[in-house]
There are 2 protein chains.
Amino acid sequence: MGSPVDDLRAALPADRVLTDPDLLATHRRDEADLCDAGTPLAVVRPRDTAEVAAAVRVAAAHGVPVVPQGARTGLAGAANAVDGALVVSLTGLNRILEIDPAERIAVVQPGVVNAELRRAAAKEGLAYPPDPGSWESSTIGGNVSTDAGGMCCVKYGVTGEYVLGMEVVLADGEILRCGRRTVKGVAGYDLTRLFVGAEGTLGIITEITVRLRPAPQETRTLVAVYPTVAAAGQAVSAVTAAGHVPSMLELLDRTHLRAIEAYRPMGLDTEAAAMLLIATDTGDGAGAELDRIAECCRAAGASELYVAGDAVEAEALTAARRLAHPAMEQLAARTFPDGRGGLVVDDVAVPRSRIVDLVVGVEEISARHGVLVGMVGHAGDGNLHPVIVVDMADPAGRDRGRLVFDEIMRLGLALGGTCTGEHGVGLLKRDWLARELGPVGLRVHRALKAALDPAGILNPGKVIAPD
Amino acid sequence: MGSPVDDLRAALPADRVLTDPDLLATHRRDEADLCDAGTPLAVVRPRDTAEVAAAVRVAAAHGVPVVPQGARTGLAGAANAVDGALVVSLTGLNRILEIDPAERIAVVQPGVVNAELRRAAAKEGLAYPPDPGSWESSTIGGNVSTDAGGMCCVKYGVTGEYVLGMEVVLADGEILRCGRRTVKGVAGYDLTRLFVGAEGTLGIITEITVRLRPAPQETRTLVAVYPTVAAAGQAVSAVTAAGHVPSMLELLDRTHLRAIEAYRPMGLDTEAAAMLLIATDTGDGAGAELDRIAECCRAAGASELYVAGDAVEAEALTAARRLAHPAMEQLAARTFPDGRGGLVVDDVAVPRSRIVDLVVGVEEISARHGVLVGMVGHAGDGNLHPVIVVDMADPAGRDRGRLVFDEIMRLGLALGGTCTGEHGVGLLKRDWLARELGPVGLRVHRALKAALDPAGILNPGKVIAPD
């Protein structure tokens, strides 16, 4: 047995094993702020499952931690390296292996970018609904490993609801196939769902079979503007309580409206306290359904209602919503110049009837600490992203950001919510997950981790703290 | 420490612990034929979670196996007792704790009967979709533990897709709460989905939080009759390939049509080789959608198409389909009198495009062995139930039934299918599950079982054979 790197080079084709310091530095972390990151020993870029398995076997033999990475667009630090780890970058496993219109399934490698799968499905008249904000860059493997969400979830659910089966390299390098290609099937423990959202701590996903849906029918889109965020929250609860199932129900607060308008002017109402962006996609019935939703919005105190005239206009409104993250990054850079400005993106999901309490509570926390917090997110399923603007160069500013973040988490749990609606746990929310789970839940997590990764080499420290 | 029964009596109120031999005999098994069953040491009927936990702690202390039971309507032997086991009957935990229309969730105890939850949800204008054939008697706890399906699944999925959270008594008597009340949430490993379909081998479910849906809109129903089963199968594939999402797509073969007509005459076409029963439930658009589906059915060679004139007629057709099981039991009793006739109900799910291969293959197997096999099931999601009519009093007849069953399983797997679409594994399909999983999958199952139930006391021998 040589050094781990020597053994990797012996086990894999020469160009797969990378140790250039600059490249190692770029593979230290994902997009989460406030999370620790280390420098990996090496980065491997396997091209197939056998190469992933070979790399894991070498790491296992040396007791070297293995950190799987996709596009590193995660917002919780789940892809952050630890010092001396082997990073397994899955971006080279980037083939769409199959799209079967008759079965409405696709089989993909983990490095396929979300938008590529969407486009390939669309060519067959089908849709792959999960649409995280990072869809143009994030990979299906990362989406599955974090159980990523998006704007579709209010009607179509998160990534996990589309995963039928997978191939996984286990901690000892063995290759597991689990799940199925059939629409229906309940055979044995649901291993597939166990790996979904496990953030690479139980195995490395090397192939994924997903369900597709028929392409959506005609979509209608509505904007409703509110004088207070609380009134917008009340509208969201009213829409749900009335039994409507919109295909999108997004909320943007004034901070976001102004940030987006500054980033790309498009006539958003920057005096409004909040805006709801709502769509229906039921084809012939979409207009009538949207009218009924509009009535709920009006009754909740909308100061203005506007229905998009056509698909182009609807798409422009949705595109504006999708600019929230870069627009807020620009706002942070303006607020704290010289690269000091950063964002801590929170991701709390509460029961839908508690949205008003959440938005009012976050406003109070923001005001009390004098820290700017924008609110955006998937209000229709109770999942909001308080976005905390932080001076990353100022330790006191970072501490204040962390304090605000923790208070929002505490509020979310107190409202009967969960610490993550779609971004995952990673490092950022590990302590909050432990509180949410309680001691028995944490013990069960540790037991499952120990069962599948007894030596603890797979993405150590993510999701749950070491025992 | 006294005897197990003494300790149970000390730990629980006096009326909870039952040892009457007749009662023990009735708690030996569920409705699956061809499965072994033993006589329990005692049956406990706890009234709350603490009593379940107390019973499990006593069993754990004595090393006594624990077999949870609901209504014992299962079709795979998952609820069968083993000799000397403690049966924990959950039928006394039968309260609907909460229905929250604003959140569209219900919180129920496991002993609540499926139909009771449906009726309670309907009163609030909501629907609980999962509709196993046993809905008037089976419990939600049993439905969750087997991940039960039904006629709704082609559009609405199986039970597991509705389970948001639960409370579980673990093998050591500790109480775990997992999952959530929010619509969305991805915090930590998906423990909830691990207990779904685990058939009581990982823990005993004592409370369940389920998603509800808005009540369905107007429904339209169609019958299509075919001269061959293969043509009906082709119609099913054509409907799916055309992108339609019916809310029901059931197939009944001639054996079933005749059995139902004999059981309760209602004018079904008993000369047809097969009948499809199809519904759409999209309200205003349901009629137009049904017309498009009817066109697919016609093109696939339907000899007759008939659209139900109103909801009463549609309900009568669906009710006829629901009579399949008692009608086939009557047929078995007529075929083999004196209580000798029995049914072995298979439950194979194949890719939707392979339905024709499945039905043709089953016909061939039936003919070759001279064993009557009726076909019925949820053709729209590729899940069919070959129903094997067996002379249970004749060992050779039982063996022939088992042989036919095994050949159908082999065919299903060869077609890329799974050994169970909705009934679960229990004892009946344990060996077939092992084949479907392969050695790595089986090893992972054993590792998870050992992690959560190291002493192996929870429903031993179900799902996976002892190591």
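Predicted model: local features only at pLDDT ≥ 70, side-chain atom pairs only at ≥ 80, totals over all residues.
**Exercise 1. Work out the strand order of the open sheet in chain A, and find which strands lie at its edges.**

Solution. In chain A, four strands make up an open sheet whose order is E1-E2-E4-E3, with mixed pairing. Strand E1 (17–18) and strand E3 (66–69) of chain A are the edge strands, as each of them pairs on one side only. Next, take strand E2 (residues 42–44) and strand E4 (residues 86–89) of chain A, which run parallel and are joined by three bridges. Within this part of the sheet, A:Val44 has A:Val88 in E4(A) as its bridge partner.

**Exercise 2. Describe how helices H14 and H15 of chain A are arranged, and which residues meet between them.**

Solution. First consider the axes: those of helix H14 (residues 395–414) and helix H15 (residues 430–452) of chain A come within 11 Å and cross at roughly 20°. Because angles under 35 degrees count as roughly parallel, H14(A) and H15(A) are therefore roughly parallel to each other. Their crossing is right-handed. Then turn to the residues: A:Arg402, A:Phe405, A:Asp406, A:Met409, A:Arg410 and A:Leu413 in H14(A) meet A:Trp432, A:Arg435 and A:Glu436 in H15(A). Sorted by class, the contact of H14(A) with H15(A) holds four nonpolar, no polar and five charged residues.

Key:
Residues numbered from 1 in each chain as written. Chains lettered and ligands numbered in written order. Heavy atoms only, no water. Pairing = 2+ DSSP bridges. Helix = DSSP H or I, 4+ residues; strand = E, 2+ residues; numbered from the N terminus. Axes fitted to C-alpha atoms, helices over the stretch in contact; angles between N-to-C directions. Parallel < 35°, antiparallel > 145°, perpendicular 65-115°, else oblique. Left-handed = near helix turned anticlockwise from the far one by under 90°. Contact = heavy atoms within 4.5 Å. Nonpolar A, V, L, I, M, F, W, Y, C, P; charged D, E, K, R; others polar.
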